[in-house]
Structures are given as C-alpha cells and as structure tokens.
Amino acid sequence: MSLNAVIFDLDGVICSTDRFHFLAWKELAGQLGVPFSEALNDRLRGVGRAESLELILAGCSRSFTPAQKAAMCEQKNLRYRQLLCQMSPADLTAEARSALLALRRGGLLLAVGSSSRNAPFILERIGLGGFFQVVADGSQIARSKPDPEVFLLAAKRLGQAPQRCLVVEDAAAGIQAAKAGGFWAAGLGAAASCPGVDFPLRSLAQLPALCAANR
C-alpha cells in the first residue's frame with residue numbers, strides 16, 4: 001500500500017447535515033401521508049436524492065409520474081438548502097479541521113467524493129471552500145453510491161489510481177462503492193464494521209497517523 005490521496009465523503013464524515021436531511025424529507029413525507037423515521041433517514045445515508053425518494057415512496061400506496069417525482073426531489077432540495085444556510089464554520093469540528101490540516105502538511109492530495117449536489121455549497125458554509133484539490137459531487141455523475149463513479153471521478157481528477165487512494169466513509173453504500181472501485185476504505189461510525197472495510201476508525205483524529213504509516 002502506497003497512499004498518495006484521501007477522498008472524503010462529506011455528510012457524516014467532515015460535517016453532519018443529517019438533521020437537515022431529516023427535517024426536509026420528513027416535511028415532504030408528511031405532505032404525502034407517508035411515515036418517516038430516524039431509522040429510514042439512516043438508510044438514506046450516502047444515497048442519491050432520487051434513490052432516497054424511491055425508498056420513501058415504498059411506504060406510499062399511490063404511484064407518481066417521473067415528472068412528479070422530479071418535482072418532489074426539487075421541493076426537498078429547496079427546503080434542505082434553506083436549512084443549510086444555518087451552517088457555519090462552527091459546524092466543522094476542531095478534530096476534523098486538525099486532521100485535514102495534518103494530512104495537507106503530510107503532502108497528501110485531498111478530495112471530496114459526495115453524492116450530494118450541494119457539496120460545494122456546504123463546503124463554503126463551513127469554511128472549506130477551495131480547501132480540497134478536487135470536489136466531485138452528485139451534479140457530475142450519473143450513478144450514485146454504491147456505484148463507485150463519484151470516487152473514480154475524484155481519483156481521475158487527482159491523477160491517481162484507485163489503489164493509491166484511501167476513501168473515508170460513514171455509510172455502507174459508500175464502503176461498497178469504494179471497494180467496487182478498487183479503493184482502500186476507512187470506515188467511521190457504523191461503517192467501521194461494514195464488510196470490506198480496510199481500516200475501522202473511531203475518529204478522524206486517527207487518520208493522519210494511518211496515512212503516514214502507509215505512504
């Protein structure tokens with residue numbers, strides 16, 4: 001193993017937007033008369049917007065046209081972006097900031113690989129606009145995780161082969177995507193125990209030492 005780059009998922013790894021996703025999806029589900037819970041919200045981690053909507057609509061007896069579904073996705077995203085405006089650099093923990101700076105000082109290339117089309121906006125809100133060499137997001141891909149497309153795009157734009165990149169994820173779909181693309185995978189939180197994880201992490205604070213040992 002010879003690492004040159006680290007590719008981060010965004011939500012749940014660098015910062016947490018779960019509460020905003022939950023509120024926006026819950027509002028939409030309420031309008032449709034569909035039950036929505038924290039457990040269902042957890043299943044949406046790392047999953048694209050259209051795919052998330054399908055999971056929610058599985059609890060609905062009605063059927064909808066593609067145009068109606070697209071309108072629902074747009075409604076949810078508009079509400080989500082309104083909620084994201086509450087974010088600030090205070091939403092980037094000292095631990096995450098310290099780990100990112102240490103990795104940069106160690107000479108590693110850094111990228112974000114997120115299924116969210118809002119990744120650039122979120123990074124700006126938390127004070128990381130322009131910090132990463134590459135930001136690959138949902139607006140640049142056709143297939144969301146667990147497809148590896150977003151990570152492969154990030155690696156290509158960094159000029160690195162997948163086997164030279166470590167993906168850091170907190171969701172099972174992200175770990176599956178990393179392994180499907182030939183990447184090394186580090187798992188945070190529940191993802192630390194996912195099948196295929198190469199490096200289970202308790203926190204981002206462990207990441208600089210892990211990467212230094214595998215340069």
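The legends below describe close-up views of a predicted model.

**View 1. The six-stranded sheet.** The strands of this open sheet follow the order β3-β2-β1-β4-β5-β6, and their pairing is parallel. β3 (134-136) and β6 (199-201) are the edge strands, each pairing on one side only. From one strand to the next, the twist averages 20°. Helix α7 packs on the sheet, where it touches β1, β2 (109-113), β3 and β4. The direction of α7 makes about 155° with that of β3.

**View 2. Strand β4 and its two neighbours.** Strands of a sheet pair through backbone hydrogen bonds, in either a parallel or an antiparallel sense. Strand β1 (residues 5-8) and β4 run parallel and are joined by four bridges. Ala 5 has Cys 165 of β4 as its bridge partner, and Ile 7 has Val 167 of β4. β4 also pairs with strand β5 (residues 184-188), again over four bridges and in the parallel sense. Here the bridge partner of Leu 166 is Trp 184 in β5.

**View 3. Burial of strand β4.** Strand β4 (residues 165-169) is largely enclosed by the rest of the structure, because five of its five residues are buried. Both of its faces are covered. Cys 165, Val 167 and Glu 169 are buried on one side, and Leu 166 and Val 168 are buried on the other.

**View 4. Helix α8 and the residue after it.** Buried residues in helix α8 (residues 172-180) are Ala 173, Gly 174, Ile 175, Ala 177 and Ala 178. Their cover includes α7 (149-158), β4 and β5. Gly 182 follows α8 and has a positive phi, near 85°.

**View 5. Helix α1 against helix α4.** Two packed helices are described by the angle between their axes and the distance between those axes. The axes of α1 (residues 18-32) and α4 (residues 66-84) come within 9 Å and cross at roughly 140°. That angle makes α1 oblique to α4. The crossing of α1 and α4 is right-handed. On the α1 side, the contact is made by Phe 20, His 21, Leu 23, Ala 24, Trp 25, Glu 27, Leu 28, Gln 31 and Leu 32. These residues meet Met 72, Gln 75, Lys 76, Arg 79, Tyr 80, Leu 83 and Leu 84 in α4. By class, the contact of α1 with α4 comprises 10 nonpolar, three polar and three charged residues.

**View 6. Helix α3 against helix α4.** The axes of α3 (residues 49-57) and α4 come within 10 Å, crossing at roughly 105°. The two helices, α3 and α4, are therefore roughly perpendicular to each other. Arg 49, Ala 50, Leu 53, Glu 54 and Leu 57 of α3 meet Lys 69, Met 72, Cys 73 and Asn 77 of α4. The contact of α3 with α4 divides into five nonpolar, one polar and three charged residues. Met 72 in α4 is listed in the contact with α3 and also in the contact with α1.

**View 7. Surroundings of Asn 41.** Asn 41 lies in helix α2 (residues 38-43). With a relative accessible area of 6%, Asn 41 is buried. Leaving aside residues up to four places away in sequence, Asn 41 touches Asp 18, His 21, Phe 22, Trp 25 and Phe 36. Among them, His 21 and Trp 25 also take part in the contact of α1 with α4.

Key:
Residues numbered from 1 in each chain as written. Predicted model: local features only at pLDDT ≥ 70, side-chain atom pairs only at ≥ 80, totals over all residues. Heavy atoms only, no water. Axes fitted to C-alpha atoms, helices over the stretch in contact; angles between N-to-C directions. Parallel < 35°, antiparallel > 145°, perpendicular 65-115°, else oblique. Left-handed = near helix turned anticlockwise from the far one by under 90°. Contact = heavy atoms within 4.5 Å. Nonpolar A, V, L, I, M, F, W, Y, C, P; charged D, E, K, R; others polar. Buried < 20%, exposed > 50% of the residue type's maximum accessible area, 1.4 Å probe, protein only. Pairing = 2+ DSSP bridges.
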